[in-house]
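Let's walk through this structure together, one part at a time. Take a look at the picture first, and then read on.

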Amino acid sequence: MSFIENLISNTIRADVRDIGGYHVPDASGYIKLDAMENPYELPEHLRAELGRRLAAAMLNRYPVASYATLKAKVCQQLGVPAGYDVLLGNGSDELISIMAMACARQDRRAVMMAPVPAFVMFARSAQFAGMDFVGVPLRADFTLDRAAMLAAIAEHRPALLFLAYPNNPTGNLYDADDMLAIIAAMGENGIVVVDEAYGPFAQHSFMGRLPACPNLVVMRTLSKLGLAGIRLGYMSAAPALLEQFEKVRPPYNVNVLTQTAAEFALDHIAVLNEQAAVLRAARGELAASLAALPGVEVFPSAANFLLIRVPDSDEVCAKLHARKVLVRNMSKMHGVLTNCIRVTVSTPEENSVFFDVVKASLA
Ligand code: PMP
């Protein structure tokens, strides 16, 4: 073995050496419908003003450590209950790993749980932090299996349980009573994180339930709302709990450019909310036209993407790729997703390119 191979095997954990990286395909020249981004940019006059603000940002200084202004805007504009604060992250990805690091205790088996199929970063963050990940299968219609969840909670006593609301990759909202039963069953022994990354497209939220549920964390992001490039996630929880996670947060984790851009965008949140409304309407239209195609099953979605099942997802994805359209073929991810494709809802033009390729591939 070479020096570098020996170095890696002497230093890097075996479970890290054995996995593949989080693969993001090169998208240049492609219609990008694989990452649940908002296709619309801020209007030109706002971009010009944002440019002036960014030019004035003091890049020689660390960000203001308290993030007080940004946090106040997040709390005001994004429905955080009175008396509750937020913890900010470099995307919600960072918040997931902060929570895993804080809960991965060494004196006994620390478990993270989530219904599966789920967002892949839950299991990855658990693994990297040294927690065991227990996935509890959703039913075939992607609803929560309440009995199986409660049994798994009793057996594994997870410290952290993630419920994405709506779920990625399935797109549906779980039944709120099932979620409340899970939160009650976790009780003092475990924290339930309701991950509302797709909240702007769902118009349902657990944020207002924070005061009634002291073991609840609600996590959100600006990514899907139209600011994926700035990487800002936030979470709220009982102040004493948030304080614990705050200790694990790397200092200055939200950079000055993100801070400046986010403060500016939150002052113009109505523009982003309007774009989300346009995408919700487009979702309904795309879902209806796809559902009318013979052989295509469209699952209900409260997110900015659709999960569809086609007769042969490998073939449809190959044809999409040939037309320079990127989507996610979910078929290999999980048994219940056989022949399923996840597609971001985009502009009318991009949606119709997707639709036309799917339609032609069925002929
Ligand atoms: N949670 C869920 C359910 C997601 O699907 C994603 C993004 N794909 C994230 C969190 C992470 O979002 P970000 O890091 O961009 O805030």
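**A helix across a sheet**

Start with helix 5, which lies across strand 2, strand 3 (111-116), strand 5, strand 6, strand 7 (216-221) and strand 8 (233-237). Helix 5 runs at about 115° to strand 2. Helices (H or I, at least four residues) and strands (E, at least two) are DSSP runs, numbered from the N terminus. Contact means that the C-beta atoms of two residues, placed from the backbone, lie within 7 Å. Axes are lines fitted to C-alpha atoms, for helices over the stretch in contact, and angles run from 0 to 180 degrees between N-to-C directions.

Residues are numbered from 1 along each chain as its sequence is written. The model is predicted: local features need pLDDT of at least 70, side-chain atom pairs count only at pLDDT 80 or more, and totals for chains, interfaces and linings use all residues.

Seven strands form an open sheet with mixed pairing, in the order 2-8-7-6-5-3-4; two strands pair if DSSP finds at least two bridges between them. Strand 2 (86-89) and strand 4 (132-137) are the edge strands, each pairing on one side only. From one strand to the next, the twist averages 25°. Strand 5 (residues 160-164) and strand 6 (residues 191-195) run parallel and are joined by five bridges.

Finally, find the ligand. Around the ligand are 13 residues, the closest being G91, S92, N168, T221 and S223; a residue counts as near if its C-beta atom, placed from the backbone, lies within 6 Å. Helix 5 (residues 91-103) returns here, giving the largest share of this shell, three residues.
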